[in-house]
Each structure stands twice: as C-alpha cells, then as structure tokens.
Amino acid sequence: MRTIVIVSLLLLAAGLCVAQGNLVPSGDLEQGLTEGWLTDVIVGPVEFSIDGENVHGGTKALLLQMGQNGRGIVRSPAFAVEPGKQYRVTVWATAEGAPAEMVYARVHWWAGEPGVASSEKIKDDTRHAGGTFDWTELAATVTAPADAQMATIRLETGGDTGVLNTETEGPFWVRFDDLSVVPVE
Ligand SMILES: [Ca+2]
C-alpha cells in the first residue's frame, strides 16, 4: 500500500513538472517592472508607468505614453529556452490613437545571457494591432532556433528602425498586461 502511495505521489510530482507556468517573471505586472525589466525610448518622448486605472488582469498594467511619432519598448527579463521547442507567446493590449500595426510583442532569441557578448538571433512577432482598441489578445506560437539558450520579450509601440518614420496624428497611449510565454507540450 505504501508503495502505491509513493508511486502516486511521484507521478503527481512529474505531472506538476510537465505543466510549466509562465516563463516571464512578473508577466502579470502586478509587482511593477521588477528586476530585469528594461525600458527604452526609441523616439521620444515616451513615459513608462505602472497604471491601476485600466487593467486586463489584477490591479496593475503597464502604460506607455508617447508624444507625437513616439516609439518605445519595454523588455522582459531573460528566461531560459530549449532549442527547437515551441512556445506560445500572449500579451493583452489596449490603445488610443496608436499608429497602424505598431502594437505587438516581439521575441528576441539569444545564444546566451542577453548582453554585449551574446548574439541576438531570429525575431518573431505576435499579431500586430493599431489605432484605438479595447483589451485585445496578441499572440503567436514561436519556435526557439537551434542555438537559442535564452529569450526576452519586447513589448513595443514600433521599436523597429524600419518604421521610425511612420507619423502619428498626435500623442497616443498603449497599455500592456498579462504577458505570458508557455511551452507548447
Ligand atoms: Ca495585471
């Protein structure tokens, strides 16, 4: 009887290990931009804040407020990935006056810990959104390249150098919440 109980507990533990949770630390933004999160102004002005007025889940969301033609990114802490493995990336966003197709999340794959000595690899985007829209799920299923060891997720309002000359009619804001990266089993 004892053997059966132990085997059952081991199977339960194995099942819990397989069902991994969100790989992004503080992806729900309830603790704000904790250690490892970075903000970057691509074209200013951009103000980054944690906002409790309009959220998708919990009581906090990330707010980016851009001046006309502004562009900003917020980068998640790095997390380990397995080469060749598929991951489901989702984030919720809402915006007012954003440029077309400029609101999305982007995966950066790294051959090591992100930094000066590491190499940045293929980039994959979630679905893009733009204009004025209520909370919308932006998602994609992505595959880690053969030499990827780590990944970061960038929440963007158009951080690509190729789109910097896109003009907006005026200031605009974008909120992000509930960023999640989960291995596809
Ligand atoms: Ca939240």
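Modeller: I73 stands opposite E156 in β9. Bear in mind that this is a predicted model: local features need pLDDT of at least 70, side-chain atom pairs count only at pLDDT 80 or more, and totals for chains, interfaces and linings use all residues. Residues are numbered from 1 along each chain as its sequence is written.

Colleague: Why is β4 called a strand?

Modeller: Strands are DSSP runs of E, at least two residues, numbered from the N terminus. β4 covers residues 71-75, so it qualifies.

Colleague: What makes β4 and β9 a pair?

Modeller: Two strands pair if DSSP finds at least two bridges between them. There are 3 between β4 and β9 (residues 150-156), so they pair, and they run antiparallel.

Colleague: Why is β4 called mostly covered?

Modeller: Buried means 20 or more other C-beta atoms within 10 Å of a residue's own, exposed means 12 or fewer, and partly exposed is in between, with C-beta atoms placed from the backbone. In β4, 5 of its 5 residues are buried. R71, I73 and R75 point one way, G72 and V74 the other.

Colleague: What makes I153 and V89 a contact?

Modeller: Contact needs C-beta atoms, placed from the backbone, within 7 Å. I153 touches V89, and also A105 and L179, among others, not counting residues up to four places away in sequence.

Note on methods:
Helix = DSSP H or I, 4+ residues; strand = E, 2+ residues; numbered from the N terminus. Contact = placed C-beta atoms within 7 Å.
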